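Reader: I'd like a close look at one helix and its surroundings. Please take me through it step by step.

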Amino acid sequence: MPLAPSVSVLTPPPPPYISGMASSAPPRLALLTLTALGVVYGDIGTSPLYAVKEAFGHVYGLEPTRLNVYGILSLIVWALVLIVSVKYVTFVLRADNRGEGGSLALLALIFPRRTPGSADGRRHRGFWLVALALFATSLLFGEGIITPAMSVLGAMEGLEVASPALHPLIVPLTIAIIVALFAVQQQGTDRMGKAFGPIMLVWFITIGVLGTIEIAREPEILAALDPRYAVRFFVENRTAGFLALGAVVLVITGGEALYADMGHFGRQPIRLAWLGLVMPALLLNYFGQGALLLRDPSAAANPFFRLAPSWFLYPLLAIATAAAVVASQAMISGSFSIARQAIQLGFIPRMDIRHTSGTEEGQIYIPEVNVALGVGCVLIVLAFRSTSALGAAYGIAVTGTMAITSVLFYVVARLRFRWSFAQAASLAGAFLLVDLAFFGANIVKVANGGWVPLLLGVLFFTSMTTWKRGRAILQQKLLDATLPLDLFLADIRTSAPHRVRGTAVVMTSTADGVPPVLLHHLKHNQVLHQQVVLLSVVTDDRPDVPGAERVELSELGEGFYRVIAHYGFMQTPDVTDILTRARALGLTWRANEVTYMLGRERLLTSGPGKMARWRKRLFVIMARNARTATEFFGLPSNRVVELGTQIEL
């Protein structure tokens with residue numbers, strides 16, 4: 001299954017690969033930081049709702065003794081420092097592909113134009129790197145389904161603290177909020193971020209103040225900053241202490257969203273929000289919960305809501321609910337970004353990509369992804385019904401993605417940053433060691449819900465690899481059916497077919513030869529337009545291709561032209577824009593005289609076995625449900641001519 005070739009098609013631009021928003025003017029930087037606060041940090045920002053509660057829940061059997069409280073808090077502190085502050089904020093955010101993040105952006109950096117190598121060993125390594133990146137992407141899609149369920153359930157469980165009689169309302173209210181959240185996604189992250197940013201600002205200030213009040217009552221809790229308490233916790237609790245990492249990992253959920261959402265806001269606003277507000281507020285609240293447990297061990301049932309005085313409980317519940325809604329946005333926005341990357345890199349079928357901002361190109365909405373995430377999220381809530389039951393599923397999705405990111409970061413550090421083996425291996429190895437420790441603590445809970453993200457990951461991975469492999473086979477079939485251009489033009493000169501007025505734009509996925517759709521048209525209709533444009537859209541290994549570099553025009557003779565349009569993997573092609581740019585290069589055409597010619601393939605599964613029969617059927621189903629080329633490329637439907645052909649896979 002040759003996945004590594006054709007991840008991208010052009011040689012990458014020269015270093016540096018580090019970009020961001022360092023040059024943003026202060027007012028714009030402040031606005032982006034506030035917006036990032038709402039979109040990026042909702043997930044990790046609402047972890048106090050359930051993380052400490054789960055650590056002292058019935059699963060691990062830990063009592064809220066002074067040693068255990070200090071140990072858990074020390075683990076929380078150093079998880080936030082090492083994983084989020086050091087790994088993601090300091091290092092991984094540097095591994096951007098011209099501002100874009102995520103596993104597929106890393107993959108495009110690792111394999112720019114050429115395949116991993118001609119030697120079998122290098123091809124083998126390339127295959128596994130591509131497979132890891134795709135599985136990380138699959139887990140991240142799964143996390144996009146689990147995150148809203150976990151966050152909103154965590155907020156709604158505060159109802160039980162306010163009044164046990166409200167327990168039956170938790171699941172119905174959670175589902176209602178989730179449905180409403182996915183219904184408003186079409187408004188775009190720009191509008192929602194401007195609304196969500198102030199909400200999260202209030203949230204972080206609130207949880208920081210609540211924690212500070214409790215710390216003032218038990219200031220000795222700050223001793224848990226000492227990492228020796230974490231070591232002593234492991235020594236005293238042994239297996240139970242190690243397994244408790246399965247709860248501690250909940251404090252870093254959303255860390256991957258920092259990287260995946262980088263294209264929406266840039267690196268600098270994300271770093272500024274984390275260091276200036278998010279991390280201090282989280283630490284204050286976690287230490288406040290620890291101080292409360294020392295003073296009142298019975299608060300372990302729900303230490304977050306027990307921080308609030310009775311008069312503030314319902315206002316806190318309202319703020320937490322709003323924050324939980326925002327929390328879901330980080331993974332939803334990241335899922336949209338990653339889906340578009342996967343479409344442009346050829347790993348999933350074409351979908352309806354809608355731009356929701358006139359100024360920020362990266363802010364998009366994909367209805368198909370939104371519906372899939374929303375339905376999956378509702379089913380997850382109905383199946384698990386509580387954060388305690390859902391914790392295992394959440395942990396495996398998060399830690400699996402983080403571990404794969406560490407491996408890919410090592411490769412990027414070696415290939416792109418030009419680090420020595422010792423530098424890259426020591427840093428990435430340290431990251432991976434921590435990631436695998438968290439993953440190991442969660443993997444034992446596969447039977448208790450951990451199977452969900454693994455199953456989702458396998459399903460998404462199978463779909464993406466099937467689509468990529470099927471497209472490669474189909475591409476080769478079409479290439480075999482093409483006629484060399486020089487032979488075709490020589491035949492045109494000899495046979496002199498009838499030419500009609502106007503321009504025919506023939507869409508072709510290959511930039512060589514004559515596409516089969518044109519051959520069928522000439523064979524059956526015995527006519528050609530006065531001007532024929534062979535148009536190919538190529539996806540580069542960078543997220544954005546400047547307009548000046550987007551279009552190449554070549555005159556082939558006999559009224560034929562070849563146009564090659566280059567787009568980044570975070571851009572959506574527009575044929576009208578392509579032709580307008582080609583006009584500036586010398587191509588003459590009139591909009592009312594252009595006919596767009598497309599091939600429509602009817603795929604048959606009866607061909608020789610280059611893929612298993614079940615995978616052929618899956619590919620055919622995906623192809624039938626893909627968005628049509630007319631819609632995807634923005635073609636005027638009343639000027640499109642499609643010619644069908646049957647192809648055996």
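**Around helix H22**

Author: Start where H22 stops: just after this helix, Ala496 takes a positive phi of about 45°. (Helices are DSSP runs of H or I with at least four residues, strands are E runs of at least two, and both are numbered from the N terminus.) The model is predicted, so local features need pLDDT of at least 70 and side-chain atom pairs pLDDT 80 or more, while totals for chains, interfaces and linings use all residues. Residues are numbered from 1 along each chain as its sequence is written, and side-chain values use heavy atoms, without hydrogens and water.

Now the helix itself. H22 spans residues 485–495, and its buried residues are Leu485, Phe488, Leu489 and Ile492. (Buried means under 20% relative accessible area, exposed over 50%, partly exposed in between, with a 1.4 Å probe and protein chains only.) These four cover an arc of only 95° around the axis, so they sit on the same side of H22. That arc is taken from the directions from the helix axis to the C-beta atoms. Turn to the face away from the buried side: Asp486, Leu487 and Thr494 are exposed there.

What covers the buried residues? The cover includes strand E3 (498–507), helix H23 (516–525) and strand E4 (527–539). Strands E5 (551–557) and E6 (560–567) belong to it too. (Contact means heavy atoms within 4.5 Å.)

Next, the cores. (A nonpolar core is a set of buried Ala, Val, Leu, Ile, Met, Phe, Trp, Tyr and Cys residues joined through side-chain atoms within 4.5 Å.) The largest nonpolar core has 190 residues, and Tyr41, Leu80, Trp203, Phe204, Ile252 and Trp274 touch the most other members.

Go back to Ile252. Not counting residues up to four places away in sequence, Ile252 touches Ile44, Ala79, Leu80, Ile83, Val84, Val398, Met402 and Phe438.

Leu129 lies in helix H6, residues 120–156. Leu129 is buried, with a relative accessible area of 15%. Its contacts, leaving out residues up to four places away in sequence, are Leu107, Ile110, Phe111, Leu408 and Val411. Leu139 is 10 residues away along the chain, and the C-alpha atoms of Leu129 and Leu139 are separated by 15 Å.
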